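User: I've just loaded a new model and would like to talk through one of its chains with you. Could you start me off with a helix?

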Amino acid sequence: MENSELGAVEVHGTTRSAFLLRGALAAGAVLGAGAVSPFVRDALAQDDGGDGAILNFALTLEYLEATFYERALRKGKGLSPDTRALALELHENERAHVDALRTAIKGIGGTPAAAPQVGFGMAFTSEASFLKLAQSLEDTGVSAYNGAAPSLRSAELLGAAGGIVQVEARHASLIRLQGGLLPTPDAFDKALGRDEAAAAVKPFMR
Amino acid sequence: MPATSRKQFLRTLGATSAAGALLTACGRAGDKRPAAPPAAKSMSGDDVAILNFALTLEYVESDFYDAVVRSGVVKDRTVLELAKRFGETERLHVGALSFAVVGMGGKPAARPKTTFDDVLAGGPRKVLDTAAMVENLGAAAYLGQATRLRDKDLLARALSIHTVEARHAAALNSLAGKGFRGALPDGAFAKPLAMDAALKAVKPFIAKD
């Protein structure tokens, strides 16, 4: 970084893409403009699907889960006291995840996604239908985080996402046990790509 | 170092320094260039050490469930069925991790000689509490290493095991009568455990020669 003009550019408070662009321009000063363009293009494309986008996708899933439990507690029919207690616990956790993700997104200069409009059909008509959809949402959540986490570039955010996905896995296990299912569907949890995870929750988006 | 982790390495540098941008640009210009950065070898060495650490924990878990099932100490059918199922799962984790170590050009850690006599002598209650303890520490140990793995493919594989350990832990916490809140000991955000702390915690189960 010998170029004094580039070296004087303020890093703090600039967006990540601006920072990457600056690095690329510094490289260009050495290699010539021809060597720069692919890097600039890739860097900006990465920023498009970067940490902020991953966290916002996770946030959308957490909103979905939080609203699901909130509605189950408000209007779920036939829930046993035990199942209600579990739903209450999980609802609190999902709310905490929503808050944490919103804070993290703002922390990296992003804008948190708005809560989506969601609907859950007949899920709240019985304990069995509640547990069935809860299991599906929690298992999907685990796989969505597992699929997305390796793409996070910030080690700090990866650690935070890991701390959340472990809790999602615990939720999935408890919901499964409550419904009389094996807590582990497989020896290795599946990883879902973002498109697959988005498709899995699409039926609940209004 | 596999191509993916090398790319990641370059990308990480690219995000943090202009020198990294330069390296990345060079990497793109001559993509097949074999010269890896000098640090590459020790980084994949770190990954092998992490995998072998996880493998050691999986050996302990796998041996534990074997010992529990063989002992006949547990009579509760749900707990016994889960012990069998979880034991099979841990064996698959042992296989996957050994395979991954070999894939990285490393040597899989030797199976430690384990002993669970004290736990088994303590009866079904002690067995269940110990199983829950071991799975909770396993989940926390994987979480502790997730941010340290350099290779993204290995990270993805480790995560797919991490959440299964978490499922085991929550189920066993719940069966051990800790309640739903006790099944989520760290609340909404699970805490990581460092390698040395995890190894210390399983030391009572490693037999002295």
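Analyst: Bearing in mind that this is a predicted model, we can begin with helix α6 of chain B, residues 123-146, whose 24 residues reach 35 Å from the first C-alpha to the last, close to the 34 Å expected at 1.5 Å a residue.

User: Is α6(B) mostly covered or mostly uncovered?

Analyst: Mostly covered, since 18 of the 24 residues in α6(B) are buried.

User: And what about the span of helix α7 in chain B?

Analyst: Helix α7 of chain B, residues 152-175, has 24 residues and should therefore span 34 Å at 1.5 Å a residue, which agrees with the 35 Å between its end C-alpha atoms. α7(B) is also mostly covered, with 20 of its 24 residues buried, and it is followed by Gly177(B), whose phi is positive, near 80°.

User: Zooming out, how many helices and strands does chain B have?

Analyst: Chain B has nine helices and zero strands, and 46% of its 209 residues are buried. Among its contacts with a separation of 6 or more, 77% are between residues 24 or more positions apart.

User: Which residues touch the most other members of the largest nonpolar core?

Analyst: That core has 101 residues, and those touching the most other members include Ala58(A) and Tyr145(A) from chain A, along with Leu51(B) and Phe64(B) from chain B. Helix α3 of chain B, residues 40-71, gives the most to this core, with 13 residues.

User: What does Phe64(B) touch, leaving out residues up to four places away in sequence?

Analyst: On that basis, Phe64(B) touches Phe116(B), Ala131(B), Val134(B) and Phe205(B).

Conventions. Residues are numbered from 1 along each chain as its sequence is written. Chains are lettered from A and ligands numbered from 1 in the order in which they are written. This is a predicted model: local features need pLDDT of at least 70, side-chain atom pairs count only at pLDDT 80 or more; totals for chains, interfaces and linings use all residues. Helices (H or I, at least four residues) and strands (E, at least two) are DSSP runs, numbered from the N terminus. A residue is buried if 20 or more other C-beta atoms lie within 10 Å of its own, exposed if 12 or fewer, and partly exposed in between; C-beta atoms are placed from the backbone. Two residues are in contact if their C-beta atoms, placed from the backbone, lie within 7 Å. A nonpolar core is a set of buried Ala, Val, Leu, Ile, Met, Phe, Trp, Tyr and Cys residues joined through C-beta atoms within 7 Å. The expected span of a helix is 1.5 Å times one less than its number of residues.
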